[in-house]
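Biologist: Please show me the model, and then let me ask about it piece by piece.

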Amino acid sequence: MSVAESDFPSSWKKPPFIKSPLLRWSIIIGSAIYLALAFGTMDVDWERAAEGLPRGKRFIAAFFPPNFSDNLGVMWDGIFESIWMAIISTVAGIALSVPIGLGAAKNLAPNWVYLACRSIIGGSRTFPEIILAIFAVKLFGFGPFAGFVALSIGTIGFYAKLLAEDIENINPSQAEAIKATGAGWWQWINYAIQPQVMPRMIGLSVYRLDINFRESAVVGIVGGGGIGATLNTAFERYEFDTAAAILLIIIGIVMVLEYTSGYLRKWVQ
Amino acid sequence: MPLIETPDGPVWKRRATKETLIRWFFWLIALAVIAYAWKGISDKTIWFFVQDAPRQAADIGGRMIPPKFSYMSRLWVPVWDTLNIATLGTVIALFIAVPVAFAAAHNTTPHPIVRTIAIFIIVSSRSVNSLIWALMLVFIFGPGVLAGTIAIGLRSVGFCAKLLYEGIEEIDHTQVEAIEATGASRAQQMVFGIVPQVLPTFAGIGVFRWDINIRESTILGLVGAGGIGLELSGSINTLAWTQVSMILLVILSTVIVSEWVSAKVRGAII
């Protein structure tokens with residue numbers, strides 16, 4: 001029995017990631033066209049960008065060493081303002097989120113409450129905190145109060161949504177058992193629902209505190225107070241060494257918070 | 001859950017007395033912190049402006065309606081810029097994220113010191129918000145889409161590399177071993193053993209981050225980094241409220257469309 005040599009392949013090729021050749025080639029050609037268009041229409045002033053390189057060097061040089069001493073008072077002010085803002089907006093946001101979250105859980109609330117609470121959540125999730133902050137600054141004036149309002153609204157969208165989803169996923173048999181003892185609505189919530197969602201909710205509030213601190217570093221750029229405002233001022237005065245110090249402080253606090261929140265969440269669960 | 005003996009018989013309580021006291025103490029401390037924090041904020045607030053806010057809100061709200069639909073003709077270019085900032089930023093981020101992720105994953109890192117450096121890159125990229133990256137880059141490169149694109153890129157590196165290296169650490173080792181048994185070199189093991197396993201994750205991360213980046217690039221213009229945020233801050237500064245509401249509508253629809261696209265694509269990949 002003789003078999004032609006060509007029946008046994010002597011080479012092998014990796015199978016492509018996308019199987020259909022038509023789809024594969026249209027994606028490749030499509031992205032090539034898109035990239036060409038994007039680069040063609042991007043209005044980049046390369047001369048200005050090249051000018052920026054020495055500035056970039058100066059900026060990086062400012063990190064060695066950063067200047068912690070010259071504006072220490074202002075920096076402390078900004079940091080504390082950010083921390084206060086993060087704490088208050090987390091507390092206020094969660095306080096508002098609990099009723100909304102209860103209302104937005106399908107297994108607790110009647111239909112019209114459900115729809116109303118879901119639309120509140122949807123509304124507060126629509127825009128990023130920074131856009132909320134712009135409007136809050138317009139309404140409440142410059143300062144941490146505007147940042148506090150913006151972050152609280154952001155917290156509602158995050159916390160109430162997750163709370164509602166968690167309540168919808170509880171173990172119904174425990175809730176039924178409490179109901180069978182003749183518990184009223186409050187007792188039912190307090191002894192059947194709350195213990196089941198509490199560990200995760202504590203973890204999430206620490207996580208949200210972490211997010212709110214990060215965001216509080218940003219709302220200051222549009223006038224919402226906090227360390228962001230200090231950072232923006234430092235940039236506007238070309239005090240790069242102070243800006244570098246502030247950035248390092250922000251990174252430091254964020255890292256500490258991230259570790260603590262991760263650790264706390266593991267410990268609670 | 002203790003039973004407490006009283007003259008009238010045992011009474012059920014949720015917690016023992018000591019635990020209840022500890023809890024009360026904890027709440028007291030929390031309350032003190034909150035009160036102090038509130039004082040910190042309220043000292044810096046001009047309450048007259050806060051009382052005036054409802055009137056202001058009604059005023060601005062009234063001025064925002066109806067949105068100026070004719071303004072759309074001037075918004076197409078900023079929207080296209082926003083799209084480019086997000087997409088090119090994601091592409092840059094993915095290019096940087098791949099080597100960083102391979103250096104950060106336990107099973108592919110060449111050396112523990114390299115791993116520490118890679119983890120440091122990931123953490124520092126993640127802890128600085130894209131708006132702050134943009135603020136810095138606008139000072140370096142001048143206002144425009146370039147600063148925005150690089151800001152988005154630098155910000156996304158940490159996110160993409162983190163998810164990717166977790167994906168690399170979770171691969172099936174038997175496949176890599178099988179490739180190794182054929183006599184493949186380390187590079188070949190990488191290409192034929194690891195890459196095909198993480199490619200779907202990689203594509204998923206890219207699309208996921210692209211969706212987030214669309215949201216972020218809409219606001220980068222606030223610090224001058226191009227895109228639709230530039231029009232937004234311009235319109236707010238000139239108090240052109242009908243334009244502002246139009247821009248907000250456009251941002252909203254961009255975000256919804258990008259969310260839909262990313263959900264579709266990720267559904268097709270996974």
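The questions and answers below go through the two chains and then their contact.

Modeller: This is a predicted model, in which local features need pLDDT of at least 70, side-chain atom pairs count only at pLDDT 80 or more, and totals for chains, interfaces and linings use all residues. Residues are numbered from 1 along each chain as its sequence is written, while chains are lettered from A and ligands numbered from 1 in the order in which they are written.

Biologist: How many helices and strands does the secondary structure of chain A come to?
Modeller: Helices (H or I, at least four residues) and strands (E, at least two) are DSSP runs, numbered from the N terminus. From the N terminus on, chain A runs α-α-α-α-α-α-α-α-α-α. The count for chain A is 10 helices and zero strands.

Biologist: What is the radius of gyration of chain A?
Modeller: The radius of gyration is taken over C-alpha atoms, and the globule rule is 2.2 Å times the number of residues to the power 0.38. That rule gives 18 Å for the 269 residues of chain A, and the chain is well over it, so chain A is more spread out than a compact globule. Along the principal axes, its C-alpha trace spans about 80 × 80 × 35 Å. The radius of gyration of chain A is 27 Å.

Biologist: What percentage of the residues of chain A count as buried?
Modeller: A residue is buried if 20 or more other C-beta atoms lie within 10 Å of its own, exposed if 12 or fewer, and partly exposed in between, with C-beta atoms placed from the backbone. Of the 269 residues of chain A, the buried ones come to 41%.

Biologist: At what angle do helix α3 and helix α9 of chain A pack?
Modeller: Two packed helices are described by the angle between their axes and the distance between the axes. Axes are lines fitted to C-alpha atoms, for helices over the stretch in contact, and angles run from 0 to 180 degrees between N-to-C directions. The axes of α3(A), residues 72–103, and α9(A), residues 227–236, are 7 Å apart. Their packing angle is about 145°.

Biologist: Which residues of α9(A) meet α3(A)?
Modeller: Two residues are in contact if their C-beta atoms, placed from the backbone, lie within 7 Å. On the α3(A) side are Val74(A), Met75(A), Gly78(A), Ile79(A) and Ser82(A). On the α9(A) side are Ile227(A), Ala229(A) and Thr230(A).

Biologist: Over how many bridges do strand β1 and strand β2 of chain B pair?
Modeller: Two strands pair if DSSP finds at least two bridges between them. β1(B) and β2(B) form a hairpin with two residues between them. Thr6(B) stands opposite Gly9(B), and Ile4(B) has Val11(B) as its bridge partner. The strands, residues 3–6 and 9–12, are antiparallel, and the number of bridges is four.

Biologist: Is Leu239(B) buried or exposed?
Modeller: Leu239(B) sits in the loop between α9 (228–237) and α10 (241–269) of chain B. Its phi is positive, about 60°, although Leu239(B) is not a glycine. Because Leu239(B) has 11 C-beta neighbours inside 10 Å, it counts as exposed.

Biologist: Which residues have the most contacts inside the largest nonpolar core?
Modeller: A nonpolar core is a set of buried Ala, Val, Leu, Ile, Met, Phe, Trp, Tyr and Cys residues joined through C-beta atoms within 7 Å. The largest one has 135 residues. Its largest share, 14 residues, comes from helix α6 (residues 144–168) of chain A. The residues with the most contacts inside this core are Ala134(B) and Leu137(B).

Biologist: Which residues does Leu137(B) touch?
Modeller: Residues up to four places away in sequence are not counted. The partners of Leu137(B) are then Ala147(B), Ile150(B), Ala151(B) and Ala225(B).

Biologist: Which helix gives the largest share of the side of chain B that touches chain A?
Modeller: Here 43 residues of chain B are in contact with 46 residues of chain A. Several helices of chain B each supply at least two residues, among them α1 (17–43), α5 (130–141) and α8 (186–219). The largest share is seven residues, and it comes from α5(B).
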